[in-house]
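Hello,

Here is the structure I promised to pass on to you. Have a look at it first, and then read on for what turned up in it.

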Amino acid sequence: MQIGPHLLPNALFVAPMAGVTDRPFRQLCRRLGAGYAVSEMVTSRKELWGSLKTSRRADHAGEPGPIAVQIAGTDAAMMAEAAAYNIDRGAQIIDINMGCPAKKVCNKWAGSALMRNEALALEIVEAVVAVCAPRGVPVTLKMRTGWSADERNALRLARIFEAAGIAMLTIHGRTREQGYKGLAEYDTIAAVKTALTIPVVANGDIDTPEKARDVLAYTGADALMIGRAAQGRPWIFREVTHFLATGEHLAAPTVTEARDVLTEHLHDHYGLYGERSGVRTARKHIGWAVRGLPGGEAFRQHMNTLERCEEQLQALRDWFDHLGQTHHRLPLTEVAIDEDAQADEACAV
Ligand SMILES: Cc1cc2nc3c(=O)[nH]c(=O)nc-3n(C[C@H](O)[C@H](O)[C@H](O)COP(=O)(O)O)c2cc1C
């Protein structure tokens with residue numbers, strides 16, 4: 001799997017998720033088998049580039065390459081400027097966001113709303129490619145299948161974007177209208193894959209190794225992207241890779257390993273956010289990690305009362321050690337994922 005000049009170790013990607021896929025989480029997923037990670041979206045609004053939120057999002061210290069930065073906005077010149085700004089700060093790949101369903105991406109109808117304005121979408125792609133190509137930086141794009149069931153224009157746009165110089169296209173198999181509800185469909189992704197020569201990445205509802213195998217076979221996609229199923233379960237990448245290679249299931253992580261993985265993640269997380277903000281933003285990662293596990297819900301609630309890094313770490317150690325008395329490996333869990341509100345909020349930069 002290759003994006004422009006960048007050869008990737010495998011074709012299993014972690015999806016960009018604003019408020020989730022910060023540098024510590026991306027690095028965690030890479031360590032556990034993801035071949036590629038795109039950063040959370042950075043706004044094209046210049047006045048926000050100096051903000052703490054944006055500068056944290058643009059922090060790539062120690063991250064394995066290629067460094068891919070996603071940009072979002074509605075104005076072609078501003079998007080081109082944002083691309084150049086991020087390249088100057090280390091971005092090796094620029095990804096354009098036409099996938100977020102939130103009304104207020106950049107306080108405008110950006111994200112997937114751009115799919116409804118094909119002329120503007122093309123203008124943006126052309127402007128960004130014009131800035132990136134001379135710098136040797138590939139431009140990729142992530143979109144949905146269309147605005148609504150009646151306006152499913154991903155195939156037409158895909159052809160237009162490929163002709164405009166996009167190096168890879170990711171498609172989330174839902175329309176904008178669906179948000180995160182209903183089921184992802186893969187027919188549109190399969191049709192796009194058949195029509196294009198650039199790599200196509202399939203995304204949406206891939207949450208088990210079997211689903212990954214089936215989506216890959218059905219769409220013929222060059223790569224798969226996993227988002228919500230990696231929340232609290234970053235080892236899904238090695239599980240899927242192992243299953244695709246051997247047809248066998250990798251054993252679930254031991255309780256001790258899960259404890260250590262989460263502890264290491266939290267240390268990185270506090271390092272980026274500091275204690276006050278770090279303890280609060282770590283709660284969601286901890287909540288996802290214990291979701292569906294015996295006693296997990298009560299523990300998640302207790303976690304919300306703790307204010308110090310050391311308290312959080314200690315409580316986590318104690319909880320996993322307690323679980324370890326009855327379980328050697330993490331028990332299998334069925335978790336319903338519905339992140340509409342969370343994603344909406346996160347995308348509203
Ligand atoms: C909390 C959250 C934040 C997201 N933020 C972004 C984003 O910044 N850029 C983007 O292209 N997609 C974003 N998405 C969409 C995901 O990348 C992905 O397309 C979607 O979750 C479907 O994949 P999944 O079923 O594997 O989760 C976000 C999704 C969630 C749940």
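A residue counts as buried when its relative accessible area is under 20%. Please also keep in mind that this is a predicted model.

**His-60 and its loop**

With that cut-off, His-60 counts as buried, because its relative accessibility is 13%. You will find His-60 in the loop that runs between helix H2 (52–57) and strand S6 (68–72). Its side chain makes a polar contact with the side chain of Arg-26, at 3.4 Å. Apart from neighbours within four places in sequence, His-60 is in contact with Arg-23, Arg-26, Ser-39, Ile-67, Val-69 and Arg-89.

The loop between H2 and S6 also holds Pro-66. Gly-65 and Pro-66 are joined by a cis peptide bond, with omega at about -10°. As background, most peptide bonds are trans.

**The ligand**

Which residues are closest to the ligand? Pro-16, Gln-70, Asn-203, Asp-205 and Arg-228 are the closest, in a surrounding set of 21 residues. Those shell residues divide into 10 nonpolar, seven polar and four charged. Helix H12 (residues 340–347) gives the largest share of the shell, with three residues.

A polar backbone atom of Pro-16 is 2.7 Å from an oxygen atom of the ligand. Asn-97 has a polar side-chain atom 3.3 Å from a ligand nitrogen atom. For Arg-228, a polar side-chain atom lies 2.7 Å from an oxygen atom of the ligand. Taken alone, the ligand exposes 600 Å², and the protein buries 99% of that.

In general, most residues other than glycine have a negative phi. Asp-205 is in the loop between strand S10 (200–203) and H7, and it counts as buried because its relative accessibility is 19%.

**Two helices with a buried face**

In helix H8 (residues 236–246), the buried residues include Ile-236, Phe-237, Glu-239, Val-240 and Phe-243. Viewed down the axis of H8, its buried residues fall within an arc of 165°, so they line one face of the helix. What do the buried residues of H8 pack against? Their partners are strand S3 (12–14), helix H1 (23–31), helix H7 (209–219) and strand S11 (223–226). After H8 comes Gly-247, with a positive phi near 75°.

In helix H10 (residues 296–303), the buried residues are Gly-296, Phe-299 and Met-303. Down the axis of H10, its buried residues fall within an arc of 65°, so they too line one face of the helix. These H10 residues pack against helix H9 (255–290) and helix H11 (309–324).

**Asn-153**

Is Asn-153 buried or exposed? Asn-153 counts as buried, because its relative accessibility is 8%. The side chain of Asn-153 makes a polar contact with the side chain of Glu-118, at 2.9 Å. Beyond its neighbours within four places in sequence, Asn-153 is in contact with Met-115, Glu-118, Thr-145, Gly-146 and Trp-147.

Enjoy exploring it!

Best wishes

How values were computed. Residues numbered from 1 in each chain as written. Predicted model: local features only at pLDDT ≥ 70, side-chain atom pairs only at ≥ 80, totals over all residues. Heavy atoms only, no water. Near = heavy atom within 4 Å. Polar contact = N/O pair within 3.5 Å; in protein donor to acceptor, adjacent residues only side chain to side chain. Areas by Shrake-Rupley, 256 points an atom, 1.4 Å probe, with all protein chains shown as cover. Helix = DSSP H or I, 4+ residues; strand = E, 2+ residues; numbered from the N terminus. Nonpolar A, V, L, I, M, F, W, Y, C, P; charged D, E, K, R; others polar. Buried < 20%, exposed > 50% of the residue type's maximum accessible area, 1.4 Å probe, protein only. Contact = heavy atoms within 4.5 Å. Arc of directions from axis to C-beta.
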